[in-house]
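User: Can you walk me through this model? I'll ask as I go.

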Amino acid sequence: QLQASGGGLEQLGNSLRLSCEYSGRTSSIDAVGWFRQAPGKEREFVAAIRWGGGWGGSDTVYADSVKGRFTISRDNAKNTIYLEMNSPRPEDTAAYSCAASRLYYKIMAYYTNANVFASWGQGTLVTVSS
């Protein structure tokens, strides 16, 4: 089970950190991803991170729209994944959801596909005002 939190109303330029806490058997998780859905738009990928750490290669992947502004990280001891949103923009306004995948892919780009994630948490709403 996944629980996302940390959303709220932020002004342009303020940083915001979202949390996604996982409760369950973490040994079965290979990656956790963040997705978002803005009103009237389709769900889109934001970022993903390998749960257990990379094996010599990158263990994160980002959407181009957030690369350099958002940072995904993990705290395995707390079973929590974070999404640090730096310099959020009004176009980042959306409901953000986290999801867990039990499929292993050597190439992180496969985790940009929502279909590889089997478990989804409730979203947390982020509103960025100008």
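Analyst: Two strands pair if DSSP finds at least two bridges between them. Strands (E, at least two residues) and helices (H or I, at least four) are DSSP runs, numbered from the N terminus. This is a predicted model: local features need pLDDT of at least 70, side-chain atom pairs count only at pLDDT 80 or more, and totals for chains, interfaces and linings use all residues. Residues are numbered from 1 along each chain as its sequence is written, and side-chain values use heavy atoms, with hydrogens and water left out.

User: OK. Which residue in β5 stands opposite valine 32?

Analyst: Isoleucine 49. β4 and β5 (residues 44–50) are antiparallel, with 6 bridges.

User: What's in the turn of that hairpin?

Analyst: There are 6 residues between the strands. Glycine 40 takes a positive phi there, near 80°.

User: How many bridges does β4 make with β9?

Analyst: 7 bridges, again in the antiparallel sense.

User: How many residues of β4 are buried?

Analyst: 6 of the 7 residues in β4 (31–37). Buried means under 20% relative accessible area, exposed over 50%, and partly exposed in between, using a 1.4 Å probe and protein chains only.

User: Switching topic. Which strands form the open sheet, and in what order?

Analyst: 4 strands, ordered β1-β3-β8-β7, with antiparallel pairing. β1 (2–5) and β7 (70–75) are the edges, as each pairs on one side only. Neighbouring strands are turned by 15° against each other on average, direction ignored. For that angle, axes are lines fitted to C-alpha atoms, for helices over the stretch in contact, and angles run from 0 to 180 degrees between N-to-C directions.

User: How many bridges join β1 to β3?

Analyst: 4 bridges, and the two strands run antiparallel. Glutamine 3 has glutamate 21 in β3 as its bridge partner.

User: How many disulfides?

Analyst: The count is 1, taking a disulfide as a pair of cysteine sulfur atoms within 2.5 Å. Cysteine 20 is joined to cysteine 98, S to S 2.1 Å. The link spans distant parts of the chain: cysteine 20 sits in strand β3 and cysteine 98 in strand β9, 78 residues apart.

User: Why is it called right-handed?

Analyst: Because the torsion about the S-S bond of cysteine 20 and cysteine 98 is about 80°.

User: Are those cysteines buried or exposed?

Analyst: Buried, both cysteine 20 and cysteine 98.

User: Now the loops. Where is asparagine 14?

Analyst: In the loop between β2 (8–11) and β3 (16–22). Asparagine 14 is partly exposed because its relative accessibility is 35%.

User: What does asparagine 14 touch?

Analyst: Met85, Ser87 and Pro88, leaving out residues up to four places away in sequence. Contact here means heavy atoms within 4.5 Å. The side chain of asparagine 14 also makes a polar contact with the side chain of glutamate 10, at 3.4 Å. A polar contact is a pair of N or O atoms within 3.5 Å; within protein, one must be able to donate a hydrogen and the other to accept it, and residues adjacent in sequence count only if both atoms are side-chain atoms.

User: And serine 87, what's its phi?

Analyst: Positive, about 50°, although serine 87 is not a glycine. Serine 87 lies in the loop between β8 and β9 (94–101). Its relative accessible area is 43%, so serine 87 is partly exposed.

User: What about asparagine 79?

Analyst: Asparagine 79 also has a positive phi, near 55°. Asparagine 79 is in the loop between β7 and β8 (80–85). At 22% relative accessible area, asparagine 79 is partly exposed.
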